[in-house]
Amino acid sequence: MRHAAILIAGLVLGAGPVLAFEAPDAVAALPRTPAEAARVAAVTASPEEFAVAETYEARSGGAGSVADAGAGAFSHANAALPEALRLDFELGRAMFEKLWVSAPASTKASDGLGPLYNARSCAACHVNDGRGRPPSGPDDKPLALTLHLAVPAEPMAAMSGVHGWQPTAPDPRYGAQLQTFATAGLTAEGRLRVTWDAQEVRLADGKTHSLRKPVIAVDDLAHGPFTPEIMTSPRIAPPMIGLGLLEAIPAADILAREDPDDADGDGISGRANIVWSPAHGDPILGRFGLKAGSATVAHQSAKAFANDIGVSSPAFPAPSGDCTPAQTLCRTAPHGDTDARGDEIDAEGLAITVLYAANLAVPARRDVNDPEVLRGKALFHGAGCAGCHTPKHVTHRVEDAPHRSFQLIWPYTDLLLHDMGPGLADGFTEGRATGQEWRTPPLWGIGLTAAVSGETSFLHDGRARSLLEAILWHGGEAQAARDAVAAMEKADREALIRFLESL
Ligand code: HEC
Ligand code: HEC
């Protein structure tokens, strides 16, 4: 019965009738009373003065925030996680860090790697539960940088009511992702070679700043050159903190921020991604992945097992992972469920991994009342950053999950898609996301990136080496915000960065 509790906390939460695009959590959640709704509106309103920190501002992840600013800052359990789930959380950590081996092996519980894969563990890409590191040059292996693949496909009847949804399918030869490793006797699909193009930008104070953009070549393609219609998207592993809290934000609150036609004329539109959720058999609001292509932490995690590590699960049962029917050798290679064991990872193993992935704590803020941080916060609002990086949300009342229930959280994201201009475009469509759109990433914990990862690299492909570089790449709907920062005096720009570093 212990595991029934996990399943409720992590995987099947909200199975049952699904409201239009509503997140699974909402179904298990209690509706807000009018009094609660008024309270939520009051606490999530924009601040009017910046002389002192707001109430609870230091607790980015609500009651479960942890005070650790060191290398392990992203690796704690949500401090409010009930005692009864803590053992399973630690078992989930072991799954996240487990190094998978290829089948057949004497260690049955760890075999099932591949045949095609990008890494042997979740933690190899989500290093210290933080973000992955991009390669420094052509000789450095781009482990945590994955190349997502898709081709245009036939429309899907169940999604026909979703405006702007673009049908795509995995590439018929290379699948949904380019796997750069293969188990013994098989050939990897190809090799990524990353070089960097430098470009100079001039800021208003006369200083120039050098930006770099990756040029990604694919060598040694095992099944012939890419077809002209293939779309590719290079993506680096994002940090893992606070994901269960993001999952518990009411879908209605996220949808209420959409402004597809920019009716308020602020230059910022914002559209929700709506994706097909296999677990619910319905279109659901997408929240996870860099284009919000997954509805739940469970779905994104099962997808990671299948595509990144080549491990099958009840959600992705194909034992040969992302091998396509065109890859015959790969299809017939030995795998971890040739015995009577079933999937390479079972429902329980998947559920504890999801429990772990969903419940990593968000670190508390530092220096919230430092005058320079507060000035930076005012500049953040003044420049229009909060138009997408929505500072705060209040989560649903989720039954039996006190650590995620009715929490005031400060993720600095609206979880919506925004056109970020041609500089950041990948030309890859995913659900409703166009080739220029990305999901606003949460900024909580971003100031601890160097402590956790030993270096800083930001944006979807890790191109920005500093927070300022990340801002200078903003274009499209964020052009005005970017220009405001480029026009700032040095002292103001530094205060803005100080604020980001305190997140
Ligand atoms: C090869 C590198 C790699 C490995 C291994 C990997 N991931 Fe990821 N992870 C990524 C990338 C890249 C993304 C962004 C994916 C996207 O945009 O669709 C991601 C995104 C995620 C997200 C969504 C985070 C967010 O902010 O939306 C979750 C959850 C996740 N991974 C869990 C896992 C789990 C669990 C495992 C192990 C089973 C794993 N990952 C293994 C690279 C990796
Ligand atoms: C129109 C919406 C929008 C506005 C306005 C905006 N951002 Fe962003 N921001 C995004 C999106 C989307 C990304 C991800 C882009 C990518 O990865 O290619 C992003 C990425 C970032 C990142 C890197 C995050 C990471 O995890 O790699 C930082 C830092 C950031 N923004 C700060 C700011 C600041 C500071 C401002 C105000 C000057 C601002 N943003 C204004 C949408 C916006």
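Helices (H or I, at least four residues) and strands (E, at least two) are DSSP runs, numbered from the N terminus. The model is predicted: local features need pLDDT of at least 70, side-chain atom pairs count only at pLDDT 80 or more, and totals for chains, interfaces and linings use all residues. Residues are numbered from 1 along each chain as its sequence is written, and side-chain values use heavy atoms, without hydrogens and water.

UniProt, in an unreviewed entry, places the feature "domain: Cytochrome c" at residues 371-503. Such annotations may be inferred rather than shown by experiment. Residues 371-503 are 32% helix and 9% strand, and their end C-alpha atoms lie 15 Å apart.

Ligand 1 is surrounded by 27 residues (a heavy atom within 4 Å). The closest are Cys 122, Cys 125, His 126, Gly 289 and Leu 290. Polar contacts are pairs of N or O atoms within 3.5 Å. A backbone N or O atom of Leu 290 lies 2.7 Å from a ligand oxygen atom. The side chain of Arg 439 places an N or O atom 3.1 Å from an oxygen atom of ligand 1. For the side chain of Asp 308, an N or O atom is 3.2 Å from a nitrogen atom of ligand 1. Elements giving two or more residues to this shell are α5 (122-125), β3 (145-152), β8 (231-236) and α8 (297-309). Helix α8 gives the most, with 6 residues. The shell comprises 15 nonpolar, 9 polar and 3 charged residues. Nonpolar means Ala, Val, Leu, Ile, Met, Phe, Trp, Tyr, Cys and Pro; charged means Asp, Glu, Lys and Arg; the others, Gly among them, are polar.

Definitions and conventions: Chains lettered and ligands numbered in written order. Polar contact = N/O pair within 3.5 Å; in protein donor to acceptor, adjacent residues only side chain to side chain.
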